[in-house]
Amino acid sequence: MLPSDMHIDELGGVLFGNHPFSAGQINDWSVPRITNELILKVSGQTIITVDGSSAAETAGTVRFMPETPEYSQYICQTVEPGSYYYFKFKSKNAPREMRRIQVKNYQTLERLFVRMWQVWTMKKDGWYHAALSIAYEIFAVLEQQSYLPSSQAKVLLPAMNEIERHLVENIDISHLHELC
């Protein structure tokens with residue numbers, strides 16, 4: 001979901017949203033974002049529209065929203081009220097597009113987000129570095145998740161196998177799309 005070499009330059013905040021929006025409520029967050037956001041949906045259902053593309057999000061959905069210097073459409077419609085956690089951060093090497101994944105065992109991530117929120121909120125000695133450490137734990141858990149739905153992975157499998165067969169050779173990749 002996120003590049004394995006991504007690093008956090010600055011952690012900007014951690015939030016827990018406990019059923020803050022009622023069913024049918026539409027929130028338009030279409031503004032330039034000065035930080036990246038990583039959001040974990042833990043309950044409820046929301047329809048997210050980003051730059052004209054809509055998708056439903058339920059418990060276990062993780063969404064990465066990139067920093068955007070310009071206006072970008074970002075609308076959240078609450079279908080069923082629910083809870084979420086998110087943290088904001090700066091990173092010079094973060095993706096420039098929104099990414100989303102449905103996590104298989106989101107309870108592990110939820111525990112990390114809860115711990116991060118508690119550390120951030122309590123602000124005891126060492127809180128910033130502890131929160132930063134937890135953010136990297138979250139990245140590690142996400143790194144272990146497959147971000148390609150199985151239907152897409154099946155389509156790409158012939159090209160991926162061809163690349164693996166010739167991994168240590170210089171190969172022409174211009175024909176790989178024909179294998180899919």
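This briefing describes the sheet, the helices, the salt bridges and the cysteines of one structure.

The model is predicted: local features need pLDDT of at least 70, side-chain atom pairs count only at pLDDT 80 or more, and totals for chains, interfaces and linings use all residues. Residues are numbered from 1 along each chain as its sequence is written, and side-chain values use heavy atoms, with hydrogens and water left out. Helices (H or I, at least four residues) and strands (E, at least two) are DSSP runs, numbered from the N terminus.

**Sheet**

- An open sheet is formed by 5 strands in the order β1-β8-β3-β6-β9, with antiparallel pairing; two strands pair if DSSP finds at least two bridges between them.
- The edges of this sheet are β1 and β9, each of which pairs on one side only.
- On average, neighbouring strands of the sheet are turned by 10° against each other, direction ignored. Axes are lines fitted to C-alpha atoms, for helices over the stretch in contact, and angles run from 0 to 180 degrees between N-to-C directions.
- Strands β3 and β6 are joined in the antiparallel sense over 4 bridges, and the bridge partner of L38 is F64 in β6.
- Helix α1 packs on the sheet and touches β1, β3, β6 and β8, where contact means heavy atoms within 4.5 Å. The direction of α1 makes about 110° with that of β1.

**Helix α2**

- Helix α2 covers residues 127–143, and its 17 residues should span 24 Å at 1.5 Å a residue; the end C-alpha atoms are 24 Å apart, which agrees. The expected span is 1.5 Å times one less than the number of residues.
- The buried residues in α2 are A131, L132, I134, A135, I138, F139, V141 and L142. Buried means under 20% relative accessible area, exposed over 50%, and partly exposed in between (1.4 Å probe, protein chains only).
- The cover over these buried residues includes the strands β1 (10–18), β3 (36–41), β6 (61–65), β8 (83–90) and β9 (99–102), together with helix α1 (106–122).

**Salt bridges**

- The structure holds 5 salt bridges, each defined as a side-chain nitrogen of Lys or Arg within 4 Å of a carboxyl oxygen of Asp or Glu. Side chains of opposite charge can pair when their charged atoms come close.
- One of them joins D9 to K92, with the closest N and O atoms 3.7 Å apart. D9 lies in the segment before β1 and K92 in the loop between β8 and β9, so this pair ties together parts that are 83 residues apart in sequence.
- D9 is partly exposed, with a relative accessible area of 35%, whereas K92 counts as exposed at 67% relative accessibility.
- R63 and E57 meet through their side chains in a salt bridge of 2.7 Å, N to O. R63 counts as buried at 5% relative accessibility, and E57 likewise counts as buried at 2%.
- E57 also forms a salt bridge with R100, where the closest N and O atoms are 2.8 Å apart. This pair links distant parts of the chain, with E57 in strand β5 (residues 53–57) and R100 in strand β9, 43 residues apart.
- Shared partners join E57, R63 and R100 into one network of salt bridges. R100 counts as partly exposed, at 28% relative accessibility.

**Cysteines**

- A search of the whole structure finds 0 disulfides, a disulfide being a pair of cysteine sulfur atoms within 2.5 Å.
- C76 counts as buried at 10% relative accessibility, whereas C180 counts as partly exposed at 44%.
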